[in-house]
Amino acid sequence: MLLCVGAAVSAPLPALARPASGVTHREFTTGAGLAADVVEVDLTMPGARLVLLTSGVLTARAPVATLADHAGATAAINGDFFDIYGTGAPTGAAVSGGRPLKSAEPPGRRLAPQVPGTGAEYVLAVGEDGVVRVDRLSLAAEARGPRGPLRIRALNQLAVPADGIGIVTSDWGDTDRGRTLCGSDTDPAAPCAADRWELRLRAGRVVAAGTPGGGRLPPDELALVGRDQGAATLRDVRVGESVQVTYALRASSGVAAQEAVGATPLLRDGQPVDGLGSTGRASRSAVGLSADGRHVRLVTVDGNEETDVGPTLAELAAILRDLGSDDAVNLDGGGSSTLVFRAPGAPAVSIVNSPSGSAPRAVANGLGVLTGTSNGT
């Protein structure tokens, strides 16, 4: 029996033969008596793969079930922390189909729990070798204008660093690009930069210059947006002049990411990372990996921040370890924590955990499981 939103915890699923898709769901109870769910994915099965799920642009949101059904996924879990009261954009780096969507926010603007030694650039990545791993993605970008190089410090970020210049592409969406130039590197509520400027480029030429605007950019255009000193640098470039821009997200593993979602490390080589919080209880979402990166566990543990129910990060790490994970990451939690699964023959996914909100939350992205039996394949 699958759980629905708000339903009581049902009995564990009976033992079933592993389906051809290599994807199974089961319920379990933690040692502390909390209801939990796990979807186990065998990525050695033909056609099974993990993908980043989005609504098409970074600043749009949708419930996990909607994202999963649109992609024809067999299962999915919510993804990265996101700017819930602002732009709606995720805060970590993101890659889809090998294409870099965004770089990570400045550390002081990352909305995930602060864990010492696990900076904002950490992601759960599917490499071009098919292996799922905990990795780091850093922005490597360059812009060369008529009077020399322009230092680029952001790609589709909700927060361009102070005095910086950022790239915005059509992946950003309709949200005002000027909002990326507000706040400070440590305080989201700080005022917008006093000086903000934008260059719009097409085919390596500046086609417009002025105050940053809204509306989705055409696929063949990108914008350079600058704040304070960055804005002053952009003002020196005139419409019609040539500006050549290149960018990539470099993986610390050396293996290019095909899919990636921002995440916070919980386990390394079967051991909890240092500094995990032992207070603060809430619904949690996490992903655990086997040592070979070919077997994945999507895990939710039910809870509620308001009633101080749910696991701490330290307890979540222990749960993932007890499930047999070698490495693991924490995803967005609280009202965002959602796990969905499509039973064999079902036309759509069903929510299998008990989200803590009154209705499924619309989120910035998710991690989906596609199989040879998925509707979308």
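This is a predicted model: local features need pLDDT of at least 70, side-chain atom pairs count only at pLDDT 80 or more; totals for chains, interfaces and linings use all residues.
Now select the helix itself, residues 313–322. Leu313, Leu316, Ala317, Ile319 and Leu320 are the buried ones. They lie on the same side of H3, because they span an arc of only 160° around the axis. Step just past the helix to glycine 324, where phi is positive, about 100°.

Stay on H3 and pick glutamate 315. Its salt-bridge partner is arginine 281, with the closest N and O atoms 2.6 Å apart. The bridge ties H3 to the loop between E19 and E20, across 34 residues of chain. Glutamate 315 is partly exposed at 32% relative accessible area, and arginine 281 is partly exposed at 28%.

Next, show the salt bridges; the structure holds 13. Go to strand E1 and select arginine 26, then glutamate 40 in strand E2 (residues 35–42), 14 residues away in the chain. Glutamate 40 is buried, at 19%, whereas arginine 26 is partly exposed, at 31%.

Last stop: glutamate 221 and arginine 200, bridged with the closest N and O atoms at 2.7 Å. Glutamate 221 sits in strand E15 (residues 221–227), arginine 200 in strand E13 (residues 196–202), 21 residues apart. Which of these is buried? Glutamate 221, with 6% relative accessibility; arginine 200 is partly exposed, at 24%.

Notes. Residues are numbered from 1 along each chain as its sequence is written. Side-chain values use heavy atoms; hydrogens and water are left out. Buried means under 20% relative accessible area, exposed over 50%, partly exposed in between (1.4 Å probe, protein chains only). Helices (H or I, at least four residues) and strands (E, at least two) are DSSP runs, numbered from the N terminus. The arc is that of the directions from the helix axis to the C-beta atoms. A salt bridge is a side-chain nitrogen of Lys or Arg within 4 Å of a carboxyl oxygen of Asp or Glu.
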